[in-house]
Amino acid sequence: MDMTKLRLPIMGVIALVVQSSGVVWFFAQQSQTIQTVESDVAALLERVSVERLINDERDIIDNKNAVTAVVDDVDELASQLIRTANSVDLLDRRVQSVEIQIRYIGAPYGGSLSGSADPHSYNAKDGM
């Protein structure tokens, strides 16, 4: 048998075996890469869920503090409104007291004084 004729098919077989093993190695690497990526994604998802939970807890605390501050502000405004209403009531009573005193002072003069305590009344004598 002639060796030169036999070498060509052996080289073809060797090339085919090398290429086949290269393809097998390539797909094995791809499988390993996919597994690595899957484990990395799982770790990242776990980390993101933990971070999201921590951020949500922080946001809840911040919102609770903000609501508490608003409630405190509303309470303070309500207190100021009550104090203002009380001051207005006190001022109204003082004005009524002054009006009564002016009526009693004017009573000996026929109930008419020069000028009127009521800015809406018209006194023909005074032109007011």
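**Entry 1**

I started at Arg58, which is partly exposed with a relative accessible area of 44%. My cut-offs are these: buried is under 20% relative accessible area, exposed is over 50%, and partly exposed lies in between, with a 1.4 Å probe and protein chains only. I then noted that this is a predicted model, where local features need pLDDT of at least 70, side-chain atom pairs count only at pLDDT 80 or more, and totals for chains, interfaces and linings use all residues. Residues are numbered from 1 along each chain as its sequence is written, and side-chain values use heavy atoms, leaving out hydrogens and water.

Which residue forms a salt bridge with Arg58? I found Asp59, with the closest N and O atoms 3.3 Å apart. A salt bridge here needs a side-chain nitrogen of Lys or Arg within 4 Å of a carboxyl oxygen of Asp or Glu. Asp59 is partly exposed, at 33% relative accessibility.

**Entry 2: the other salt bridges**

I counted salt bridges by this rule and got three. One of them joins the side chains of Arg47 and Glu51, at 3.0 Å from N to O. How far apart are Glu51 and Arg47 in helix α1? They are four residues apart, so about one helical turn separates them. Helix α1 covers residues 3-106. I checked exposure too: Arg47 is exposed at 53% relative accessibility, while Glu51 is partly exposed at 35%.

I also looked up Arg83 and Glu76. Their side chains meet in a salt bridge of 3.6 Å, N to O. Arg83 is partly exposed at 47% relative accessibility. Glu76 is partly exposed as well, with a relative accessible area of 40%.

**Entry 3: aromatic rings**

I searched for aromatic pairs next. The rule takes rings of Phe, Tyr and Trp (its six-membered ring) with centres within 6.5 Å; planes under 30 degrees apart are stacked, over 60 edge-to-face, and the rest tilted. The count is one aromatic pair. Phe26 and Phe27 form this edge-to-face pair, with 5.4 Å centre to centre and 70 degrees between the planes. Is Phe27 buried or exposed? Phe27 is exposed, with a relative accessible area of 52%. Phe26 is partly exposed at 42% relative accessibility.

**Entry 4: the whole protein**

I ended with the totals. The protein has one helix and zero strands. Both are DSSP runs numbered from the N terminus: helices are H or I with at least four residues, strands E with at least two. How much of the protein is buried? Buried residues make up 2% of the 128 residues.
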